[in-house]
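Subject: Structure handover

Hello,

Please find the structure below. My notes on what was found in it follow.

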Amino acid sequence: MLSYVFVGILPVALLFLPWDWLFELGNESNQGPLLRLLSRRELSLYDGEEGSKGLYLAILGQVFDVHAGHKHYGPGGAYHGMAGKDASLAYITGDFTESGLTDDVSSLSPLQVLALYDWLTFYQREYKAVGLLIGRFYSDTGQPTEALVHMEKSLAEGRRMKAQSEAEKVQFPACNSEWSSANGGRVWCSTKSGGVERSWTGVPRKLFSAGSTNVRCVCVEDPSAAAEDDPNLQGYDSCPPHAESCSVKD
Ligand code: HEM
């Protein structure tokens, strides 16, 4: 009975659908479901202020309805500056001034771009997607712009760098360290140092990062093989090559 009523009123209901809105969303170039395209001006009408149309924000050109996070993004909220606009850069810099609230993310390093995409994943998980913002990342037909393609390349590079650094952390886990005014510093290895649980203890070595002055203590499993292979590894002064603990002056 109920379904009959529904079928009966469906054609009438269709007359009242906001067709212009649907057509605005519908777009062959967007392969997923219907997408709404918003201009910057349109998005600015959703800043949650009195009389506004709602509470939206954009990140990397994707628009989300953040009404559920009103306490953060609404007037008086700590992140209200992000409402009604794409302030992608501020997610990384923490600069919430007017000039910091921008979608110009061209200055970000690949690892920062990776962190920005983590924020995008957060919004995709926590909030309802509304559509795409026409401008820096999407064209007026909803196509990705050069800037977005560049971001995606940078994201891939960021992922590669992170994977490499994680692999390095397992190969060369960090040492334990302590310092006291009476005895000075000491670095040593254990089977859990650097947060990496393993079957070997290893011996402390200085690891110099290529292209920077950064030096840190890492545990090396086989010091003779590692020292030969890796010019970035160096032993500690006056510490026997196979000692698991070394005193350090600095
Ligand atoms: C780069 C700097 C920062 C950015 C971009 C940032 C961004 C954000 C955003 C967007 C939210 C809202 C998340 C949501 O929708 O649920 C949030 C929540 C929050 N942030 Fe930050 N934040 C930053 C730094 C900080 C710092 C330094 C603190 C602490 C001193 C802090 C404390 C909080 C707290 C307590 C919440 C609320 C968590 C909750 O109630 O669910 N944030 N932050």
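Leu-60 is buried, with a relative accessible area of 1% (buried means under 20% relative accessible area, exposed over 50%, partly exposed in between, with a 1.4 Å probe and protein chains only). This is a predicted model, in which local features need pLDDT of at least 70 and side-chain atom pairs count only at pLDDT 80 or more, while totals for chains, interfaces and linings use all residues. Residues are numbered from 1 along each chain as its sequence is written, and side-chain values use heavy atoms, with hydrogens and water left out.

Leu-60 lies in the loop between strand E2 (56–59) and strand E3 (62–65); helices (H or I, at least four residues) and strands (E, at least two) are DSSP runs, numbered from the N terminus. Its phi is positive, about 50 degrees, although Leu-60 is not a glycine. Most residues other than glycine have a negative phi. Ser-238 also has a positive phi, near 50 degrees. Ser-238 sits in the loop between strand E9 (233–234) and strand E10 (245–248) and is exposed, with a relative accessible area of 75%.

Overall, the protein has 8 helices and 10 strands. Of its 250 residues, 35% are buried.

The iron atom of the ligand has a single donor from the protein, the OH of Tyr-79, 2.0 Å away. Donors are N, O and S atoms within 2.8 Å of the metal (3.2 Å for Na, K and Ca); water is not among the atoms, so sites may look incomplete. Tyr-79 belongs to the loop between helix H4 (70–73) and helix H5 (90–93).

Next, a helix pair. The axes of H6 (residues 110–126) and H7 (residues 146–171) come within 7 Å and cross at roughly 105 degrees, which makes H6 roughly perpendicular to H7. Axes are lines fitted to C-alpha atoms, for helices over the stretch in contact, and angles run from 0 to 180 degrees between N-to-C directions. Angles under 35 degrees count as roughly parallel, over 145 as roughly antiparallel, 65 to 115 as roughly perpendicular and the rest as oblique. The residues in contact (heavy atoms within 4.5 Å) include Leu-114 and Tyr-117 in H6, and Met-151 and Leu-155 in H7.

Finally, Leu-132 is in strand E4 (residues 128–133) and is buried, with a relative accessible area of 7%. Leu-132 and Arg-36 are 96 residues apart in sequence, yet 6.2 Å apart in space, C-alpha to C-alpha.

Regards
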